[in-house]
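Here are my notes on the model you sent.

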Amino acid sequence: MKVSVVKETAPGERRVALVPEAVVKLRTADVDVLVESGAGDRAWHTDDSYAEAGASVVSRREALAADVVLMVGKPDAAAVAALQPGQLVIGLLAPLTDPELVAALAEAGVTAVSMDMIPRTLPRAQPMDALSSQANIAGYKAVLLAATEYGRFFPLLITAAGTARPARVLVLGTGVAGLQAIGTARRLGAVVSAYDVRPETKTEAESVGATFIELTSVGPASGEGGYARALSEEERMAQQEELAGHIARHDVVITTAQVPGRRPPLLVTEDALKSMAAGSVIVDMGASALGGNAAGSVPGETVITENGVAIIGASGLPSSMAAAASAMYARNISALLLYLMKDGQLALDLDDELQAGVIITSGGEIVHPALAATVAESPAR
Ligand code: NAD
């Protein structure tokens with residue numbers, strides 16, 4: 001069976017789906033690995049290093065013709081057009097927010113497997129959880145960006161030239177990225193507070209060194225599968241208002257809040273921004289074209305407000321640590337690929353809960369129940 005890795009085409013993307021170490025592992029499972037020339041360049045893996053690991057370095061056309069095509073993100077339109085019925089494609093396809101891609105993959109007759117649909121609470125899915133591995137990296141890097149932008153120290157420093165008080169950091173959203181951000185900010189010496197709308201995260205946040213803030217105006221909002229549910233308009237306004245008081249007391253705010261398949265909730269309003277001291281820093285990990293967790297954030301840019309608050313629209317953080325992110329992603333995607341195989345061949349089984357969770361199209365159809373309705377309602381259809 002031929003399994004290929006294609007070079008990512010999304011702007012700014014530096015990661016690669018397999019690193020040479022993962023190639024060695026797949027070779028021992030009797031998989032022929034093809035790597036598009038240059039696929040690993042931006043993560044510091046040369047064509048030669050893949051060849052030494054036992055892969056064949058090939059053209060893009062050959063890579064796109066393999067039985068299984070591995071990628072980090074989504075295939076671009078030209079790649080979808082090149083795919084043939086019966087091929088398997090695995091990547092972070094973000095199908096909940098891209099119904100057009102799901103429809104195109106179904107029409108192309110390919111079996112599409114989306115790494116971001118893995119049922120994360122299944123113990124056997126842990127090694128395949130790319131959302132967690134990449135969120136961990138993003139949470140770490142967000143703190144480094146904040147520390148670089150912040151014009152003061154994170155730790156308490158007592159020197160002959162005076163004493164610097166530690167930075168007060170607030171982490172909003174304590175999922176995987178938020179917990180890593182708390183731990184990283186603590187290791188840099190900051191005093192860290194945290195808040196999440198899921199009350200069960202309190203003990204986790206405390207265990208990595210944060211003081212957990214409990215809001216009195218919003219009740220628990222745990223949704224399905226361990227995720228948060230979207231808040232009602234009333235809850236949202238109450239939350240924003242109560243949070244504003246806490247935000248004003250912090251030097252650095254790192255926001256990580258997400259609700260699957262929806263635009264990120266707005267947590268830091270314009271009024272909250274106005275209440276912050278000049279020199280404060282926000283890192284908005286939810287920054288997107290549709291808006292983020294902080295008012296006025298722009299993905300990929302740092303915006304300075306009139307009152308001197310820097311809002312970093314953090315996008316592509318895992319890609320900015322391409323070597324580490326690719327190594328982790330390669331372990332995740334290899335584990336999933338091997339799970340989908342038996343005796344050196346693909347053995348797909350929609351009766352298996354994990355497989356049913358990740359397979360979104362097959363045999364020309366959209367087979368994932370959570371997607372069939374979304375795609376049918378899409379305005380492009
Ligand atoms: P996520 O990226 O979907 O969201 C980040 C955080 O934002 C979440 O903690 C969420 O509760 C929070 N949030 C959403 N709306 C909010 C709002 N309005 N105000 C404040 N906070 C808000 O989350 P994630 O990091 O992907 O993790 C989601 C869940 O998956 C967690 O329960 C996590 O523990 C779970 N998970 C479980 C496993 C496992 O069982 N092994 C592995 C990974 C993740």
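1. A cavity is a set of points, on a 1 Å grid over the protein atoms alone, where a 1.4 Å probe fits but cannot get out, and its lining residues have an atom within 4 Å of a point. The model is predicted, so local features need pLDDT of at least 70 and side-chain atom pairs count only at pLDDT 80 or more, while totals for chains, interfaces and linings use all residues. Residues are numbered from 1 along each chain as its sequence is written, and side-chain values use heavy atoms, without hydrogens and water.

2. The structure holds one cavity of 30 Å³ or more. The volume of the largest cavity is about 50 Å³, where volume is the space filled by probe spheres set on the points, joined across faces, edges and corners.

3. Which residues line the largest cavity? They are Val6, Lys7, Glu8, Thr9, Arg60, Leu64, Met71, Lys74, Pro75, Asp76 and Ala79. Five are nonpolar, one is polar and five are charged. Here Ala, Val, Leu, Ile, Met, Phe, Trp, Tyr, Cys and Pro count as nonpolar, Asp, Glu, Lys and Arg as charged, and the others, Gly among them, as polar.

4. Strand 9 (residues 168–172) is largely enclosed by the rest of the structure, because four of its five residues are buried. Buried means under 20% relative accessible area (1.4 Å probe, protein chains only). Strands are DSSP runs of E with at least two residues, and helices are runs of H or I with at least four, numbered from the N terminus.

5. Strand 9 runs parallel to strand 10 (residues 191–195), joined by five bridges, and pairs in the parallel sense with strand 12 (residues 252–255) over four bridges. Pairing requires at least two DSSP bridges between two strands. Leucine 170 has serine 193 as its bridge partner in strand 10 and valine 253 in strand 12.

Conventions: 1 Å grid on protein atoms, 1.4 Å probe; cavity = no way out; pocket = protein on both sides within 12 Å on 5 of 7 lines; lining within 4 Å. Buried < 20%, exposed > 50% of the residue type's maximum accessible area, 1.4 Å probe, protein only.
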